[in-house]
Structure formats: C-alpha cells, structure tokens
Amino acid sequence: MASIDEQPYSVSIPDSELDFLKKKLELSRFPDELEGAGWDYGVPLPHVKRLVEYWKDGFDWRKSEAALNRLPMYTRDIDVEGFGTLNIHYVHQKSDVANAIPLLFVHGWPGSFIEVRKLLPLLTAGGSDHPSFHVVAPSLPGFGFSQAPSKPGFKGPQYAEVVNKLMLALGYKEYVYQGGDWGYVLAQHVVTHYGHEHVKAWHTNMPVPKQPTLFKNPFLFMGMFFLSYDASSMKRVAHTKQQHLKGTGYFNEQATKPQTIGYSLADSPIGLLSWIYEKLILWTDEYPWTDEEDEVIEWISIYWFSRAGPGASTRIYYELTGGMTHDTSHGTEWSSVPFGASYFPKEIIQLPKSWSHTIGNLVFEADHDKGGHFTAFEQPDALAGDLRKMFGKGGPAHGVVPGKNGY
C-alpha cells in the first residue's frame, strides 16, 4: 500500500506565467547568422524563429496541460540523508494484472517524465503472450515538477536513494529498472547500493561500457589485440569519436559551470529552446516532430515551467562528474544483477557491443535498425518489445521479482 503522504498532482500553470512567457517571446532578440552556415554552427536561425513564433502565437499550453493531467501523477516527500526532505513528482501507472512487474523508469537530460507517456499503454497492457508492468516514472530532483536540492553535493548515491525510497514507499520492495542517458548512469548507482535486495534486474537503451582491462576483463582485453573488430564495431567507435569531438560542448559547460549557463536558460525562452532543440534534432533518428511542432514546444515548456527552473537540471552534470574530475560511474561497482542492453543506431554513445560485459551481468541484448537517443519517445514499441522479451516467459530475467512474473 502507498503511504498516506502521497498527493495527487495536476499541472496548473498560472495565467500570469503564460502572459509573462508571451511577453518574453515578443521581446526576443535574435543573433545574426552566417550565409550557408546550416547546422555547422548550431541551430539554424530560421528554425528558431519559426519555433518562437509558434510558441508565442500558435501553441496551446492549456491543451497540453490537460493531456499531461490525464497521466496518473502524484507527489510525495522523500527524506534524503544530509539533504532534508524533497517533494518528488512522479507518474505511477498500475496494470490491471495482479502479478505485474514493478518497473522504475528514469529519464535523463534534456528529457523528463514525458518520455514515459508512449510506453505506459504498452507496458501496462495484459496478455498471455507478454508480461505486464506497474510503471513508476519520477521527475528527478531539479527536473520537471520535483523539488531541487538546495545545497551542493547531491550526487549519484543521493539520486539513487530518492528513486529507491520512492519505490519502497509505493510498496514495491523488489522491482526492475529501465533508463537511458542519466537514467543509465543512475542505474549503476542504484544497482551498486540496492542491487539484489531491491533491484532485481535492469535494462538500458544507452549502454556506455568501459574499455576492457587486463585484470578485470582478460578475455575481452586480449581480444582487443588479437581479434579484429568487425565493421559494425569500428563504425560504432567512429560515431562516438565524432560525438566526443563535436557534440560535447554542452556537457563540458554544464559539468563545470552550470550556474553560468543557468542564467541564460532561466531568463531566455529562446536560449532554452535552442539549447534543447539542438539535441532533439541531432540526437534522434529522423524523428518526425509532429503537429506544428507541438511535441517540441511541449517538451521545452515543461523545462520552462519546471518547479525549480530550467537551470536546476544542469547541475546533475557537475555533481556526477565532480566538476569534470572523474567519470559519471565514479563510486559504482560491477554487479551480478541481471542486465540487458538495447542498441539503437543514432544513440550518441556507441562502443563495441562485446564491451557491454564490463557494465554488468549481461543476460539480454537486442539490436535495432531505427532509433536514437530518446528511445522511449521515438521507438516505444521497440523498447517495450525488448522489455517484454527480457522479462517475459522464456526470457533471461523472467521471474526475477518473486511473485511478480508479469502474468
């Protein structure tokens, strides 16, 4: 049973905030643009002007707000050791199947809880040929409609504490986990601290393995020297090198000076729009952003209207890299908790699939020919299908949650 401090939540942005946003958009001042620059220098000016015009005069936030409020949303207080109490927003969609598997879905940046929306009807559906899930999708602290930490040092263990305590408060003492982007990174922290006891298996659509070492991965390490990588592996490495070379400026800024970029994101809607829109286009696999850009503007608006403001979400980069002094897996350990990985061709980080064994106890893999970084949003059927295969009858993680096999 959920504890009594759970409160139903509805999004209700005051008219004054909508008026203020429109005024800010009306006062927008755009930079110039070089002739023929295209995307080489960043988001092209015509794209931003078109989106700003639509955000100002065409987008219906109230329609979007009503759609969001059809999601089963709640808030509850979570005590975090050393950081007091944070009020956390989350989506909790229960299945009608009594033995449904509790699944924690964790988003990243520049995503939000909205990424789970298309997955909900797929994962909670019952059927004799596939498992069903109870789905919990929180807004991470500082994102969406969750409260943000008020002091430095809120790192991987603290995020892990929040999401694990949320699951326990909902009555899910044992559960499985799915995440990409920061959802993948935080999975490593959750599994390190709560694996086996609470987290019974986990899956990611963005595996980021480490290069094998002689002492930890001797067979993989030797293979790097004596076995040639296939064309697919070499292509994946080349893709990641290119991303590191030309696509990590945002990461370096947010991981070293999040407060500085925060001023622009909090004060300028076109600054926020261009900062995130670039990722929505470049990190997806030709995804058809639809309905006169409604999906784009709704995505951006959730950041603009977020509880702590759009700048707060960037601090996770600083905290989980120590201001670029260590990698995001710092403090985590390899775990024997069953782990699954799905590979999508436009994911921003791609490394040889064999290296995924360095992440954890790899029991499931799936390769896809379409999809990018925001898999749950771009390819919900593919992602749901992989989770069904991993946790369904005959799958390598079937029955990992005692008494909750999904049927």
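This briefing walks through the pockets, the cavities and some of the helix packing in the structure above. The model is predicted, so to speak of local features takes a pLDDT of at least 70, side-chain atom pairs count only at pLDDT 80 or more, and totals for chains, interfaces and linings use all residues. Residues are numbered from 1 along each chain as its sequence is written, and side-chain values use heavy atoms, with hydrogens and water left out.

**Pockets**

- A quick word on terms: on a 1 Å grid over the protein atoms alone, a pocket is an open set of points with protein on both sides within 12 Å along at least five of seven lines, while a cavity is a set where a 1.4 Å probe fits but cannot get out.
- Lining residues are those with an atom within 4 Å of a point, and a volume is the space filled by probe spheres set on the points, which are joined across faces, edges and corners.
- The largest pocket holds about 1,200 Å³ of space.
- Its lining counts 40 residues, with Val208, Pro209, Lys210, Asp327 and Thr328 nearest the centre.
- Helices H6 (182-194), H8 (231-246) and H9 (249-256) are the elements that give two or more residues to that lining; helices (H or I, at least four residues) and strands (E, at least two) are DSSP runs, numbered from the N terminus.
- By class, the lining of the largest pocket has 18 nonpolar, 16 polar and 6 charged residues, where Ala, Val, Leu, Ile, Met, Phe, Trp, Tyr, Cys and Pro count as nonpolar, Asp, Glu, Lys and Arg as charged, and the others, Gly among them, as polar.
- The second largest pocket comes in at about 580 Å³, and the residues nearest its centre, out of 21 in the lining, are Gln243, Lys246, Gly247, Glu278 and Leu282.
- H8, H9 and helix H11 (269-282) each supply at least two residues of this second lining, and H11 gives the most, with 5.

**Cavities**

- Searching the whole structure turns up 3 cavities of 30 Å³ or more.
- The largest cavity has about 120 Å³ of space, and of its 17 lining residues, Glu115, Gly180, Asn205, His373 and Thr375 are the closest to the centre.
- Strand E4 (101-106), strand E6 (175-179) and helix H14 (375-378) are the elements giving two or more residues to the lining of the largest cavity.
- The second largest cavity has a volume of about 50 Å³, and its lining has 4 nonpolar, 7 polar and no charged residues.

- Two packed helices are described by the angle between their axes and the distance between the axes.
- Axes are lines fitted to C-alpha atoms, for helices over the stretch in contact, and angles run from 0 to 180 degrees between N-to-C directions.
- The axes of H2 (residues 45-57) and H11 come within 11 Å and cross at roughly 125°, so these two helices are oblique to each other.
- For angles, under 35 degrees counts as roughly parallel, over 145 as roughly antiparallel, 65 to 115 as roughly perpendicular and the rest as oblique.
- H2 and helix H12 (residues 294-304) pack at about 75°, with axes 11 Å apart, which makes H2 roughly perpendicular to H12.
- Leu51, Tyr54 and Trp55 of H2 make that contact (heavy atoms within 4.5 Å) with H12 residues including Ile297, Ile300 and Trp304.
- The H2–H12 contact splits into 7 nonpolar, 1 polar and 1 charged residues.
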